[in-house]
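Student: I would like to take a close look at a single part of this protein, and I would be glad of a careful explanation.

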Amino acid sequence: CTQEFQETRSVAFEISGNDPEKLKEISTHLLDRIMKYRSAADALNAARALAYVTDPVAAPFQKQALVSTDTVDTNLIDSLRRIGSAQSAEVLMDAVRDKPSAEWVSDARWSLASISSATNDLGLKRRITEFLGSSKP
C-alpha cells in the first residue's frame, strides 16, 4: 500500500490488495484533514478523496465528514452520488437521519433519488424509496 500526501494542494493514495487497516489509516488521515483544514481547497481535496474510497471501512469516516463540517458537504454529497453504490446511499441516508435540518439535506435527498434511478439493484431502489418517503422535509 502506498500513500502520498501534499499538505495543501492535493491528496493522492493508492491501495493495493485488501488491507482494511491501511484503508482505515488513510480514511482517518483524510477525515483529520477535512476537520482541521488549512485551506478550503485542502478540505475539498481530502473530501473528494475520501468520497471515492468505496470500501465499507470508509463509510463511518464519510458520514463523520458530512455531519461534522459545513465546508465540504455538497462536494462530498456529489462524489457519493457519482459513486452510486449501496454504501454511498447508506452514508447519505445515515447522514440525513443524523442531521435532518442541515442545509445540505435537499442535495442529499436529490442524490439518493439519482442513485435510485441509476441502479439496477432492486433492493437498494426499495430502501431509498422507503427512506425518501419516510423522511420528507
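Student: Which residues in the largest nonpolar core touch the most other members?

Tutor: This is a predicted model, in which local features need pLDDT of at least 70 and side-chain atom pairs count only at pLDDT 80 or more, while totals for chains, interfaces and linings use all residues. Residues are numbered from 1 along each chain as its sequence is written, and side-chain values use heavy atoms, with hydrogens and water left out. A nonpolar core is a set of buried Ala, Val, Leu, Ile, Met, Phe, Trp, Tyr and Cys residues joined through side-chain atoms within 4.5 Å, where buried means under 20% relative accessible area with a 1.4 Å probe, counting protein chains only. The largest such core has 33 residues, and those that touch the most other members are Leu66, Ala89, Leu92, Trp104, Leu112 and Ile128. Two or more residues each come from helices H1 (20–35), H2 (40–51), H3 (59–68), H4 (73–83), H5 (86–98), H6 (105–118) and H7 (122–134), and H5 gives the most, with 6 residues. Helices here are DSSP runs of H or I with at least four residues, and strands are runs of E with at least two, numbered from the N terminus; the protein has 7 helices and 2 strands.

In H1, the buried residues are Lys22, Leu23, Ile26, Ser27, Leu30, Leu31, Arg33 and Ile34. Across the protein, 41% of the 137 residues count as buried.

Technical notes
Buried means under 20% relative accessible area, exposed over 50%, partly exposed in between (1.4 Å probe, protein chains only).
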